[in-house]
Amino acid sequence: MRWLTTGLLGTIGLIGVSTSVAAQNPSPLETIRALGLDSADVGGIRVRYVPSDHEHALQLAALCEQVVSYFKGEFGTSFAPQLAVLRPEHWFVPYAGGEGEPYGIPWGWIPELLIAVPASLDQGVLINGSDRMTDLRRVRFVMLHEFGHLASKQLLHPSSGQPYSSVRWFDELIATYFAYAFVRASDPDWAGTAQNEWQGVVDGFTPPIVSLDWSHLRDLSPVEFARTYAWYQNLLNLHAAALYEEHGLDLLRSLRDRLDWQNAASWTTEGLIPILDDIAPGFGAWVSALEGGEVTGHRPEL
Ligand SMILES: [Zn+2]
């Protein structure tokens, strides 16, 4: 999940620019190494954490190892993300404008194959406190979504020159597609629970402007931005789930083989839709309905 909250308002206007990852000194991984945390290796996954989070961190790493193995089995290639399970006092967000980010939304850093996850289940943006297992699953799903951003790069366009495409909603959709595919295959009950939650968010609120052109988000207040962005992400999650139920992993393979990844930094929604509609008929109609204000995010039957 990129650009979720207030500090990201500044990056929203940088479409096409912020898709290239700015060099950082020190890099996010160097910053985490400098914290002097404990570390462990779970399969090929190195995870760093404070001692009191040992069990939680190893469980997250084990889940990460499972998702890596799942896609290695399906795509024949794999990569090894590193995990940082961070307490609030260690939290940072490496994106431009990330200084003002609140605690607790997992983020991924493609150049270093790094995923940061909140350690605390008592506080954080994804914690609503009603049910600890639901909170934990939400954190885990967003971690898997961040894995999906890394996997998009590693499995779909490893030789392209950029970590992301210029079409943000598409990147978010595909990141969730990876996450959902794994969850659906490994824990159908979780997939169903997650969909119910997404449906609840989508049904609970409709933004004043419904469009995949997210440039309007920059005009929203920080609170409205966060709420609206979350709504779009949940809508995309529902659409990813519906697409997966119909097309499975073949959709990812088609995207890998048919999209012009070398020029992904200059893609547009208009250019992308006909290709997506050809791969997954109905995609264009979904977008048209959405642009017309008709919200058609509905969970598929499992
Ligand atoms: Zn994302």
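Biologist: What makes a residue count as buried, and what share of the 302 residues in the protein is buried?

Modeller: A residue is buried if 20 or more other C-beta atoms lie within 10 Å of its own. In this predicted model, buried residues make up 41% of the 302 residues.

Biologist: Which residues touch the most other members of the largest nonpolar core?

Modeller: That core has 78 residues, and Leu 60, Leu 83, Val 85, Phe 147 and Tyr 177 touch the most other members. Leaving out residues up to four places away in sequence, Tyr 177 touches Gly 148, Ala 240, Leu 243, Tyr 244 and Leu 252.

Biologist: Why is Ala 62 called partly exposed?

Modeller: Ala 62 has 13 C-beta neighbours inside 10 Å. Buried requires 20 or more and exposed requires 12 or fewer, so Ala 62 counts as partly exposed. Ala 62 is found in helix 3, and its C-alpha atom is separated by 7.7 Å from that of Gly 43, 19 residues apart along the chain.

Biologist: What makes the phi of Leu 113 worth noting?

Modeller: Phi of Leu 113 is near 50°, a positive value in a residue other than glycine. Leu 113 lies in the loop between strand 4 and strand 5.

Biologist: Is Leu 113 buried, exposed or partly exposed, and why?

Modeller: Leu 113 has 16 other C-beta atoms within 10 Å. That count falls between the limits of 12 or fewer for exposed and 20 or more for buried, so Leu 113 is partly exposed.

Biologist: Why does Ser 211 count as partly exposed?

Modeller: Ser 211 has 17 C-beta neighbours inside 10 Å. Since 20 or more would be needed for buried and 12 or fewer for exposed, Ser 211 counts as partly exposed. Ser 211 is placed in the loop between helix 6 (188–203) and helix 7 (222–247). Leaving aside neighbours within four places in sequence, Ser 211 is in contact with His 216 and Glu 291. Ser 211 and Gly 293 are 82 residues apart in sequence, yet 7.7 Å apart in space, C-alpha to C-alpha.

Biologist: What share of the contacts in the protein joins residues at least 24 apart?

Modeller: Among contacts between residues at least 6 apart in sequence, 70% join residues at least 24 apart.

Biologist: Where is the pLDDT below 50?

Modeller: The protein averages a pLDDT of 89, and 90% of the residues score at least 70. Over residues 3–20, however, the pLDDT is below 50; beyond near neighbours in sequence, this stretch has 46 contacts in the model.

How values were computed. Residues are numbered from 1 along each chain as its sequence is written. This is a predicted model: local features need pLDDT of at least 70, side-chain atom pairs count only at pLDDT 80 or more; totals for chains, interfaces and linings use all residues. Two residues are in contact if their C-beta atoms, placed from the backbone, lie within 7 Å. Helices (H or I, at least four residues) and strands (E, at least two) are DSSP runs, numbered from the N terminus. pLDDT is the predictor's confidence in each residue, from 0 to 100. A nonpolar core is a set of buried Ala, Val, Leu, Ile, Met, Phe, Trp, Tyr and Cys residues joined through C-beta atoms within 7 Å.
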